[in-house]
Amino acid sequence: MKGSFKLGKVAGIGIFVHWTFSLLILFIIFINYKAGQNTAQIIWSVAFILCIFVTVLLHELGHALAAKNYNIVTKDITLLPIGGLARLERIPEKPSEELIVALAGPLVNIALAFITGFFITLPDTSEKLMAELANGVNADNFLLNFFLVNFWLALFNLIPAFPMDGGRVLRALLSFKLQRHVATKISARIGQIVALAFILLGFFTSPFLIFIGIFVIVGAQIEADYTESKFMLKGFKVHDVLMKDYQRIDANEKVKKAVELLLDSQNKNFLITENNIAVGTLNRDQIIMALSKKGDDEFIYNVMDRNLIFLDSNSLLENVFELIQQNKSTLMLVMENNELAGALDVENLIEFILINEVKINKAHDEKQ
């Protein structure tokens with residue numbers, strides 16, 4: 001994620017913090033200063049926020065280490081002002097595996113709350129509790145606040161609102177009986193209804209709830225669309241969708257040649273060859289960047305992407321779908337019997353999904 005700074009590694013996973021996290025610290029200092037708190041109280045408040053983000057890191061590590069049991073790599077974990085983001089290589093599709101990975105994060109918070117509970121005495125009435133919390137975070141109520149925050153973090157994350165942990169738990173449970181794309185659609189719709197409630201409540205309480213609601217609505221729709229697209233590819237192989245007619249450019253040509261081809265056709269991705277051997281790819285954004293920085297007389301071999309991605313023609317599309325999604329602006333090469341059989345890009349795949357969706361809907365209508 002752009003604007004992130006690496007803090008180190010835990011269990012081989014890169015830990016990053018986004019620069020906007022510093023704004024949160026400054027905001028905490030500002031509001032405590034405006035509230036008339038002294039330096040000691042402000043330091044306790046900042047220390048508490050830092051402890052909460054260590055908790056968020058442990059929460060995300062819970063997901064990551066649970067996923068590691070199923071040979072799923074976590075690319076990195078980034079701490080943001082709104083929480084943590086663990087980028088898993090893929091989401092486990094077996095219901096039992098997804099259930100464990102989704103529950104691992106909230107279970108970390110429950111464990112932290114349970115451990116903290118040994119070192120505090122909970123007030124016996126709500127009035128006494130509010131009185132203890134009324135003066136902000138301090139040495140006397142630090143652990144009490146930590147206990148309550150972990151309890152509420154676990155509870156909040158288990159709300160069945162996709163893509164939060166609770167939404168994934170719900171999908172996993174539904175997937176024991178339903179197809180994954182159907183379970184995802186149901187979970188996403190429930191999550192969006194909950195998100196609308198967040199937004200409405202946010203107008204009367206906190207704008208932060210509005211932000212969370214919008215995040216859930218968008219995230220749920222993305223997940224539903226992704227799972228539906230993957231379902232549409234079920235049973236098809238890479239050779240069913242590969243392009244045999246695609247534009248090639250010699251590596252020794254200049255950028256002006258790529259610009260001409262870009263303007264003269266609908267092609268946005270080009271295969272770069274040298275002596276009829278694939279040596280790289282070039283997309284529209286890379287052409288524009290090269291044109292603006294180096295001019296149209298620059299040689300293509302100096303601006304092309306040399307990292308070629310190869311797909312086996314007999315691979316199931318649903319298995320390589322995530323790889324294709326991650327390389328949206330890249331032309332991928334399809335190999336068959338160690339020879340180049342064609343190419344594939346995300347736009348071609350999307351067209352295939354749309355056509356397949358129309359065929360399925362038409363067949364469904366004819367049956368009714």
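How close do the axes of helix α2 and helix α3 come, and at what angle do they cross? Welcome to a predicted model, in which local features need pLDDT of at least 70 and side-chain atom pairs count only at pLDDT 80 or more, while totals for chains, interfaces and linings use all residues. Residues are numbered from 1 along each chain as its sequence is written, and side-chain values use heavy atoms, leaving out hydrogens and water.

**View 1. Helix α2 (residues 39-68) meets helix α3 (residues 95-117).** Their axes come within 8 Å and cross at roughly 145°. Helices here are DSSP runs (H or I, at least four residues), and strands are too (E, at least two), numbered from the N terminus. Axes are lines fitted to C-alpha atoms, for helices over the stretch in contact, with angles from 0 to 180 degrees between N-to-C directions.

**View 2. Three strands form an open sheet in the order β8-β9-β10.** The pairing, which takes at least two DSSP bridges between two strands, is mixed. Because β8 (310-312) and β10 (339-344) each have a single partner strand, one side of each is left without a neighbour in the sheet. From one strand to the next, the twist averages 40°. Three bridges join β8 to β9 (residues 332-336), and these two run parallel. Look for Asp312, which stands opposite Met335 in β9.
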